[in-house]
There are 2 protein chains.
Amino acid sequence: MSVRRLPLLDWGRSYSRENLSGDLVAALVVTIMLIPQGMAYAMLAGLPPQAGLYGAILPLLIYALLGSSSALAVGPVAVVALMTAATAGSIAEIGTPGYHLAALWIALISGALMLVMGLFRLGFVANFLSHPVISGFITAAGILIAASQIRHLLGIQTTGKTLPEVIPSIVANIGGVNWPTLVMSALVLAFLFWSRKGLAPALRALGLGAGAATLLARGGLFVAVLVSTLAVWLLGLDAQGLRIVGDIPRGLPPLELPAFDVDLITYLLLPSALIALVGYVESISIAQTLAAKRRQSINPDRELVALGAANLGAGLVQAMPVTGGLSRSIVNFDAGAQTPAAGAFTALMIAAALLALTPLLYFLPNATLAAIIIVAVLSLLDFRALPRAWAYSRADGAAMAATMAVTLLWGVEQGLAAGVGLSLVLHLYRTSRPHVAEVGQVPGTGHFRNINRYEVVTTPEVVTLRVDESLYFPNARYLEELVQSKIAENTALKHLVLMFSAVNEVDASALESLEMIQAKLRDAGVRLHLSEVKGPVMDRLRRSDFLEHLDGLYLTQLDAMEALAPALTRATLERTRHEVRKPGA
Amino acid sequence: MSVRRLPLLDWGRSYSRENLSGDLVAALVVTIMLIPQGMAYAMLAGLPPQAGLYGAILPLLIYALLGSSSALAVGPVAVVALMTAATAGSIAEIGTPGYHLAALWIALISGALMLVMGLFRLGFVANFLSHPVISGFITAAGILIAASQIRHLLGIQTTGKTLPEVIPSIVANIGGVNWPTLVMSALVLAFLFWSRKGLAPALRALGLGAGAATLLARGGLFVAVLVSTLAVWLLGLDAQGLRIVGDIPRGLPPLELPAFDVDLITYLLLPSALIALVGYVESISIAQTLAAKRRQSINPDRELVALGAANLGAGLVQAMPVTGGLSRSIVNFDAGAQTPAAGAFTALMIAAALLALTPLLYFLPNATLAAIIIVAVLSLLDFRALPRAWAYSRADGAAMAATMAVTLLWGVEQGLAAGVGLSLVLHLYRTSRPHVAEVGQVPGTGHFRNINRYEVVTTPEVVTLRVDESLYFPNARYLEELVQSKIAENTALKHLVLMFSAVNEVDASALESLEMIQAKLRDAGVRLHLSEVKGPVMDRLRRSDFLEHLDGLYLTQLDAMEALAPALTRATLERTRHEVRKPGA
């Protein structure tokens with residue numbers, strides 16, 4: 001698969017009537033979820049509700065054109081909305097034009113970064129985010145998102161972005177709770193919780209088929225929106241202090257580049273890169289998981305291009321940043337989406353809703369949107385991941401705990417940066433001390449084994465070190481220090497053999513270390529030899545003059561020992577030739 | 001060797017008269033170099049000359065007490081002086097109290113960081129600096145240092161820190177050249193260049209022994225200082241616009257903590273960490289090289305503690321940051337320094353000079369100090385390192401070129417950060433795509449080899465992938481994608497065997513990838529098996545429930561094939577049992 005070939009050309013050519021009906025049903029179900037979710041995530045991002053709906057039109061059309069996943073449902077998602085709010089909120093007050101401008105540039109910059117990374121096939125940088133870091137980050141982000149919605153559930157004002165700011169602010173303002181809002185929140189939350197598990201069986205009990213019941217149960221959101229909006233309208237709850245969505249401009253957004261501001265763009269570069277990274281990692285995981293179920297394959301670089309272009313589109317139509325969302329993608333897949341056209345149909349349905357239905361959303365309570373967000377993010381929380389990671393590996397557990405703690409207590413960008421930084425440092429720490437075994441000859445054989453684990457023969461004049469790792473800059477100095485201590489502790493040493501059977505790479509740092517080792521050994525009157533060097537490593541070493549100054553180079557370790565300690569080798573071969581090998585030896 | 005045990009207790013107990021005489025001679029030679037160099041590097045750092053001399057007293061005494069190298073000459077060095085100037089200059093105008101305060105806090109913070117890193121045995125973070133990055137950085141820093149001294153050689157004023165700033169500034173101000181300064185610079189430079197190679201032979205021609213001639217030739221600096229100072233005094237050149245050192249306060253500096261400023265300290269944290277890193281890496285390389293010549297050993301963490309404490313001392317006595325310097329350490333070693341006491345003697349001699357000799361330095365020309373700096377940094381320049389690194393490995397060459405270019409064109413901190421960042425990204429890139437070979441059975445044997453390189457037998461129903469790298473977060477996703485494409489391209493696939501003979505680690509990210517692979521394979525109706533899993537990896541995997549859901553786990557790959565494709569295995573064993581093995585096969 002080429003990044004440059006449009007996936008559309010592959011699936012478009014064989015598009016069938018079955019594809020069409022599957023895609024249309026899936027699009028309808030996703031649209032019903034996406035209208036309230038888009039508005040809810042826009043609220044979470046601190047943007048007007050239409051920013052979420054706009055993010056469900058052009059970006060989806062672009063992804064349908066460029067993307068390779070048949071099931072991925074692109075659009076506004078909770079974690080990216082939270083990150084957008086955190087970054088835009090550090091620049092301007094929520095609700096100001098500067099805030100909205102920052103959000104648009106976040107979409108444009110993160111889109112441009114993804115696009116460039118995809119075109120230059122740099123998708124591997126997503127590897128910076130280890131599983132424990134992304135998992136800890138998502139859980140912490142979910143907690144922050146839920147905490148940020150409590151004010152909408154209670155109808156109070158709060159300030160702050162992190163737990164130490166939000167929680168005292170809730171406590172301080174709890175007296176101002178708006179009772180109609182609280183009752184509405186409780187009812188909607190209770191209904192949504194029940195509908196996740198209870199709606200489908202209830203519909204089946206009413207006589208629906210299992211498939212239809214499962215599909216219709218996805219409409220729980222729609223019911224909550226409809227009933228709560230009607231309740232506000234009929235009971236005049238907005239006059240009693242219950243906050244509602246209000247006016248949404250009817251019609252489609254204009255296509256325009258937001259105001260250009262070099263300082264703003266420079267400031268947003270790093271946060272947007274983090275948002276792009278999180279958005280991409282989330283999206284690709286979902287796309288690959290769903291593709292595997294149909295034995296399809298996803299091209300990561302092409303996904304980057306598609307998501308990048310979708311976000312560029314979002315920034316041009318006053319929409320919030322988008323990516324592939326977990327819950328809607330699963331619904332899309334289950335509802336039978338066959339091709340990326342399902343996303344295009346979703347976009348058209350959302351556009352139709354914007355042209356016709358916005359007046360109906362006027363009385364929709366913010367509390368309902370907050371309840372929708374809370375129910376959605378509960379699926380993000382995975383509290384058992386931390387003890388599991390810790391039990392499996394201390395390093396992974398520590399990286400995850402640091403990510404979660406810093407995210408909750410300090411902020412989302414800081415948390416992610418701390419996690420990435422700590423994983424890199426711990427990774428470096430682990431690889432900086434590779435396993436190096438001093439080996440000796442297993443008597444009577446050509447095998448050489450760790451002197452600490454096997455009965456082997458050695459001589460103090462020849463020491464062989466087997467390096468069980470590629471040699472590159474994280475561990476280059478370690479070998480130097482190890483050899484240094486071998487020279488210092490063994491004054492009888494005359495020959496040092498480095499056995500390279502497990503060395504797959506020797507980079508320039510390691511080459512300099514080897515040259516340093518060579519020089520140190522020469523100063524100390526010890527000769528340096530290599531054995532069992534792999535082909536690619538030999539090719540690399542031949543590009544330097546290291547081999548010319550080497551005292552000895554042997555194809556096998558046995559060759560080395562026969563040359564350097566012939567008496568020893570012959571003696572042990574002799575001695576053991578007459579012995580019967582022990583069973584199991 | 002313990003970090004906590006004082007090295008002094010080891011060498012102090014057996015201190016002999018031979019040690020004393022060696023240390024005293026070395027101290028005298030180093031002192032003669034250190035007085036002009038200390039003043040010159042203070043000028044380079046933008047500090048008063050005494051800051052360099054103060055940096056050669058208390059820090060040296062502290063290092064003598066705590067350090068483990070018998071030859072390392074600690075004190076002001078050029079690269080650290082340049083980095084100090086770059087950082088302090090970004091805060092305050094040179095010559096202001098704020099500038100000097102920043103320099104003192106750089107010493108204190110970098111000292112504290114080194115101390116903490118040493119006590120917590122975190123010396124491995126120095127591995128972040130690969131050889132090509134540090135080498136490129138030192139060469140670029142040397143060029144910047146030389147460029148920054150041209151104004152002193154010409155007696156003009158210039159501005160700027162980077163080449164694109166300094167060079168136009170020199171060109172613009174070249175008209176204001178001070179001729180006495182230029183003549184003085186030319187003569188001193190010519191003498192210093194000649195004395196590096198020509199002085200020792202000349203002294204031997206005068207009848208001195210070879211050893212004494214070599215030692216005395218080190219006094220070239222001293223001769224330049226003496227003669228140029230006398231010339232200024234006798235000819236009254238300072239009245240003709242030649243700039244001189246002027247008043248140096250007589251006596252020792254008071255011990256006092258600089259004014260505390262939280263914002264300043266926060267700002268200096270990252271630059272000071274970079275300075276600490278560069279200082280440490282430079283120093284440890286020198287110490288280890290010299291220790292190897294005597295078959296001694298250096299404890300990196302103890303060196304961090306000693307250098308950290310020395311810098312804390314520097315910050316408390318109004319001195320500039322210090323580290324181990326290359327040229328003086330070599331001189332110290334060659335002159336016969338036997339123990340760290342040589343450093344203590346140097347400190348006492350510098351202190352004596354500060355008490356008695358400062359009036360004699362009044363007429364010392366800045367031009368002489370600039371010439372001393374230029375001659376010293378020439379030894380830092382290594383222009384052939386870049387083509388050598390590039391020829392050896394594109395990745396290393398690119399990291400080095402980026403470090404040099406960014407340092408010269410943008411700044412020292414940025415250059416170092418760019419180099420470190422790029423090496424990490426390239427390292428990640430290389431390890432993110434490990435070699436994975438599909439293997440098949442070598443007919444008639446229990447050996448399994450790459451299907452692309454050997455004549456082996458396979459069956460489409462069983463695919464075995466041999467992973468030639470440990471599995472951790474940089475490459476976790478790669479294996480997932482690879483398996484994904486294997487599922488997609490081979491519809492006959494029923495069993496996938498991952499051969500783990502070269503896998504030394506499976507971290508939590510890789511474990512999640514394996515679980516994801518397992519889930520995807522199950523969705524696609526393929527069974528997952530592992531073979532040849534190493535002991536430590538098995539121990540780790542047993543901490544998760546991955547093995548419980550695994551379809552098969554085999555000690556050897558032959559066991560796996562006999563279980564999964566018995567007909568095939570038996571057939572090939574049968575078929576080849578009667579064949580004669582080819583020679584060399």
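Begin by selecting Ile373(B), which touches Ala40(B), Leu44(B), Ala78(B), Ile145(B) and Gln149(B), leaving aside residues up to four places away in sequence; here two residues are in contact if their C-beta atoms, placed from the backbone, lie within 7 Å. What you have open is a predicted model, in which local features need pLDDT of at least 70 and side-chain atom pairs count only at pLDDT 80 or more, while totals for chains, interfaces and linings use all residues. Residues are numbered from 1 along each chain as its sequence is written, and chains are lettered from A and ligands numbered from 1 in the order in which they are written.

A residue is buried if 20 or more other C-beta atoms lie within 10 Å of its own, exposed if 12 or fewer, and partly exposed in between, with C-beta atoms placed from the backbone.

**Where the chains meet**

Now colour the two chains separately and look at where they touch: 49 residues of chain B are in contact with 49 residues of chain A. On the chain B side, the elements that give two or more residues include helix 7 (131–154), helix 12 (262–293) and helix 20 (473–489) of chain B; helices (H or I, at least four residues) and strands (E, at least two) are DSSP runs, numbered from the N terminus. Which helix gives the largest share of this side? Helix 20 of chain B does, with ten residues. By class, the side of chain B that touches chain A has 22 nonpolar, 15 polar and twelve charged residues, where Ala, Val, Leu, Ile, Met, Phe, Trp, Tyr, Cys and Pro count as nonpolar, Asp, Glu, Lys and Arg as charged, and the others, Gly among them, as polar.

**The sheet of chain B**

Next, show chain B as a cartoon and find its open sheet of six strands, which has the order 4-3-5-6-7-8 with mixed pairing; two strands pair if DSSP finds at least two bridges between them. Strand 4 (448–450) and strand 8 (552–554) of chain B stand at the edges with a single partner strand each, so one side of each is left without a neighbour in the sheet.

Select strand 3 (residues 436–441) and strand 5 (residues 462–467) of chain B, which run antiparallel and are joined by four bridges. Within this pair, Ala437(B) has Arg466(B) as its bridge partner, and Val439(B) has Thr464(B). Strand 3 of chain B also runs antiparallel to strand 4 of chain B, with three bridges between them, and Gln441(B) stands opposite Phe448(B) in strand 4 of chain B. In the hairpin of these two strands, which has six residues between them, select Gly444(B), which takes a positive phi near 80°.

Then go to Glu532(B), in the loop between strand 7 (527–531) and helix 22 (535–542) of chain B. Its phi is near 55°, a positive value in a residue other than glycine, and Glu532(B) is buried, with 21 other C-beta atoms within 10 Å.

**Over to chain A**

Chain A has 24 helices and eight strands, and 52% of its 585 residues count as buried. Its C-alpha trace spans about 100 × 60 × 50 Å along its principal axes.

Select strand 6 (residues 495–499) and strand 7 (residues 527–531) of chain A, which run parallel and are joined by five bridges; Met499(A) stands opposite Ser531(A) in strand 7 of chain A.

For the last stop, select Arg121(A), in the loop between helix 6 (97–119) and helix 7 (131–154) of chain A. Although Arg121(A) is not a glycine, its phi is positive, at about 55°. Is Arg121(A) buried or partly exposed? Arg121(A) counts as partly exposed, because it has 13 C-beta neighbours inside 10 Å.
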